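Colleague: I am new to this structure. Could you show me how to read it, one feature at a time?

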Amino acid sequence: MKRHTLLIVCIVLVVGGVGLAQTAYRLFLPIVQHGALIPSDDEVSTRLQVAEGYAVRLYAHGLNRPRLMAIGPDGQLYVAERGANRVVRLSDSNGDGRSDETTVVAVNLTGVHSLEWYGQDLYAAGNATVWRLHDSDADGVFDRSETSVVVDGLPSDGGHSTRTARIGLDGMLYIAVGSKCNITVGCSEGDPRRAAILRYTLEGHIPADNPFVNDPDPRRRAVWAEGLRNSVDFIFLPDGRLWATHNGSDGLGNDLPPEEVIIEVEAGKHYGWPYCYTAVIGSVPNDAREVRDERVPLDASFSTCDLATPARFTDLAHYAPLGIARLSDSEILIAYHGSWNADQTPRDCRVQRIQVSNGIPVSADPFLTGFRDHPQQECGRAWGRPAGITIAADGTIFVSDDHNGNIYRIVSLPR
């Protein structure tokens, strides 16, 4: 039992007797059994609905476009505050389930979007740069002298500007770079590193086993996989597989293309964009083939959709999946940012739970909902929009909301 809970029960025992003390103990018992304090109901728990067996509360507010997050070696939550070009640490020093201290730990990181701890080093990705931050004087913040550039000069000339950096089980640095265009009719990417996931060493060099390491264009040598219009986030499974979210193009109506929610990214493969897309809804069969986007003519470099690798799991168009996290062997959580231009059928902004069986995503159900005021509201005008998800070692789930500057904390209830 938490000390403060025991103290309260003892006080009630003295003042009100055994019966009242037993009632107080029962009121606090679920919290004690869970091992983490669940604060009283607030605006978030009143508004948002979370899956059965969980409770959601506001953890922090007032942030400037918080995006992806990471749990540090100290067990604290670190957040990429993209709107302020900085990284903050959100601490809960009294263990009451709410952040009570915001510490700015790094500044002047232009467009910082993702965070990844590797030992005692924090890797942060911005619009055109990946930095390594090392707290050499152990003062809890990263001075400019403790910030070094690992990769610089990533293409950032318009279009999708977020960059996400993750470290694979092979100890290599993987970076997602979105496309320059919504669709390439009348627009040229101009750089093979766009609409791709790149792979570098932790020192920013090109690994010798990259699939295009000998390409005549030196920029393409960093490419690990291509045809990925905008993979905002990705994870590595325990067996080393890379699963990425993906945002499809606009302009084909409310229902096309299906949102490619999970793509299993492999070395040297092409995932279709802008020529082709996965047309199946839900779990994609192994023998599925991608279909043509007739707006984009095929060319000498891509002559048939048979060259494209389909997604593993899809959902309705315009859900805009962003952050992804692995909750368990059988559950993946994905932040759906929701639609801003779906017109007749706006897509919800929510956290979606993907069920996994035998290493394959098979079905989906809503995990956290309630961000919109009504079903016809576009998420661009909603109360909130989930963006990032991270999960602490004890199973606590944190969700960032880049629309209203909130961080939500979700814990499982005692069974």
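Predicted model: local features only at pLDDT ≥ 70, side-chain atom pairs only at ≥ 80, totals over all residues.

Colleague: How many disulfides does a search of the whole structure find?

Modeller: A disulfide is a covalent bond between the sulfur atoms of two cysteines. Here the search finds 2 (a pair of cysteine sulfur atoms within 2.5 Å). One joins C276 to C305, S to S 2.1 Å. That link is left-handed, with -90 degrees about the S-S bond. The pair ties distant parts of the chain, 29 residues apart: C276 sits in strand β18, C305 in the loop between β19 and β20. Strands are DSSP runs (E, at least two residues), numbered from the N terminus.

Colleague: Which cysteines have sulfur atoms 2.2 Å apart?

Modeller: C349 and C379. Their link is also left-handed, at -100 degrees about the S-S bond. C349 counts as buried because its relative accessibility is 0%. C379 is buried at 0% too.

Colleague: What is the strand order in the open sheet of 4 strands?

Modeller: Strands of a sheet pair through backbone hydrogen bonds, either parallel or antiparallel. In this sheet the order is β15-β16-β17-β20, with antiparallel pairing (at least two DSSP bridges between two strands). β15 and β20 stand at the edges, each with a single partner strand, so one side of each has no neighbour in the sheet. 3 bridges join β15 to β16. F236 stands opposite L242 in β16.

Colleague: What lines the largest pocket?

Modeller: Rolling a probe the size of a water molecule over the atoms shows where empty space is left. A pocket is an open set of points on a 1 Å grid over the protein atoms alone, where a 1.4 Å probe fits, with protein on both sides within 12 Å along at least five of seven lines; lining residues have an atom within 4 Å of a point. Here 20 residues line the largest pocket, and E116, R166, I235, T390 and I391 are the closest to its centre. β21 gives the largest share of the lining, 4 residues.

Colleague: Which residues lie nearest the centre of the second largest pocket?

Modeller: H160, N247, A320, H337 and W340, out of 25 lining residues.

Definitions and conventions. Residues numbered from 1 in each chain as written. Heavy atoms only, no water. Buried < 20%, exposed > 50% of the residue type's maximum accessible area, 1.4 Å probe, protein only.
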